[in-house]
Amino acid sequence: MSKLIQYASLHATPWKNGGGSTTEIAIAPQGATFDDFDWRISLATISQSGPFSTFAGIDRTLTLVSGPGVVLDVGNERQVALSDREPTVAFPGEAQVAATVSSGSTTDFNVMTRRTACRHQLERRDVRDFSTLERRSDITIVFLAEGESLYLSSSKERIAMVRYDAVILDDEDVWTLEAGQATVFIVDIIENND
């Protein structure tokens, strides 16, 4: 059976620097900490400018969910304005990243994977009426970023979601996404086969 993670049951954790908060959606293995997770998915609200925490050996992808966006200085390499125009950025967790907030708080979807264990892909998909999702990895997570509701269906189950809910899919290969209008993030976790 798939696992529905209801946003209403989750709790935000304030950052130590006071610049925002993070709501953990899912982590593996269960009970893992920042030091030993294989993968982690969360929502972060950035309300003040400041540095990000560093995570050695971790690959990160941030995607804008709501708000006016934020400017990220990624090391000495590049500056990215995370916005509706460019809603997704990927960077290594060990990079020195600083956020500049100028127009109000922003909420971002955050995927982190440990390089020695796995990697990830993130797809942003707009759903109007129906969309078919064919599994591409052993672990697939669907997150409802925008829209009031979404139904996920397979040959075995039907799951109702509301905004910010997530589902870790079971091993069914084909799913139907059904919504009047919605934006979903589909995360594939690809485990290393060493």
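Is Glu178 buried, partly exposed or exposed? At 25% relative accessibility, Glu178 counts as partly exposed, where buried means under 20% relative accessible area, exposed over 50%, and partly exposed in between (1.4 Å probe, protein chains only). The legends below treat this residue and others in a predicted model, in which local features need pLDDT of at least 70 and side-chain atom pairs count only at pLDDT 80 or more, while totals for chains, interfaces and linings use all residues. Residues are numbered from 1 along each chain as its sequence is written, and side-chain values use heavy atoms, with hydrogens and water left out.

View 1. The domain assignment of the chain, which is an automatic or database one, gives domain 1 (11-116) and domain 2 (119-191), and the C-alpha centres of the two domains lie 22 Å apart. In this view 16 residues of domain 1 are in contact with 15 residues of domain 2, contact meaning heavy atoms within 4.5 Å. The size of an interface is often given as the accessible area lost when the parts come together. Between domain 1 and domain 2 the buried area is about 1,300 Å², with carbon and sulfur atoms giving 76% of it; buried area is here the accessible area (1.4 Å probe) that two parts lose on being put together, summed over both. Of the area that domain 1 buries against domain 2, Trp39, Val65 and Phe109 supply 35%, more than any other three residues.

View 2. Across the interface of domain 1 and domain 2 the rule finds zero salt bridges, a salt bridge being a side-chain nitrogen of Lys or Arg within 4 Å of a carboxyl oxygen of Asp or Glu. Three residue pairs in polar contact are found across this interface, with both residues at pLDDT 80 or more. A polar contact is a pair of N or O atoms within 3.5 Å; within protein, one must be able to donate a hydrogen and the other to accept it, and residues adjacent in sequence count only if both atoms are side-chain atoms. On the side of domain 1 that touches domain 2, strand E3 (20-28), strand E4 (39-46), strand E6 (58-66) and strand E11 (106-114) each supply at least two residues, and E6 gives the most, with seven residues. Strands (E, at least two residues) and helices (H or I, at least four) are DSSP runs, numbered from the N terminus. By class, this side of domain 1 has ten nonpolar, four polar and two charged residues, where Ala, Val, Leu, Ile, Met, Phe, Trp, Tyr, Cys and Pro count as nonpolar, Asp, Glu, Lys and Arg as charged, and the others, Gly among them, as polar.

**View 3. Thr63 and its surroundings.** Thr63 lies in strand E6 and counts as buried, at 0% relative accessibility. The side chain of Thr63 makes a polar contact with the side chain of Thr88 (3.3 Å). Leaving aside residues up to four places away in sequence, Thr63 touches Pro87, Thr88, Thr107, Asp108, Phe109, Leu122, Arg124 and Phe185.

**View 4. The salt bridge of Asp59 and Arg115.** By the rule, the count comes to eight salt bridges, one of which joins Asp59 and Arg115, with the closest N and O atoms 2.8 Å apart. This pair links distant parts of the chain, since Asp59 is in strand E6 and Arg115 is in the loop between E11 and strand E12 (118-134), 56 residues apart. Asp59 is partly exposed at 26% relative accessibility, and Arg115 is also partly exposed, at 34%.

View 5. Glu178 forms a salt bridge with Arg158, the closest N and O atoms being 3.2 Å apart. Salt bridges that share partners join Glu123, Arg125, Arg136 and Asp188 into one network.

View 6. The peptide bond from Ala28 to Pro29 is cis, with omega near -5°, and Pro29 is found in the loop between E3 and E4. Asp129, in strand E12, has a positive phi of about 70° although it is not a glycine, and is partly exposed, with a relative accessible area of 47%. Tyr164 lies in the loop between E15 and strand E16 (166-168); its phi is near 75°, a positive value in a residue other than glycine, and at 13% relative accessibility Tyr164 counts as buried.
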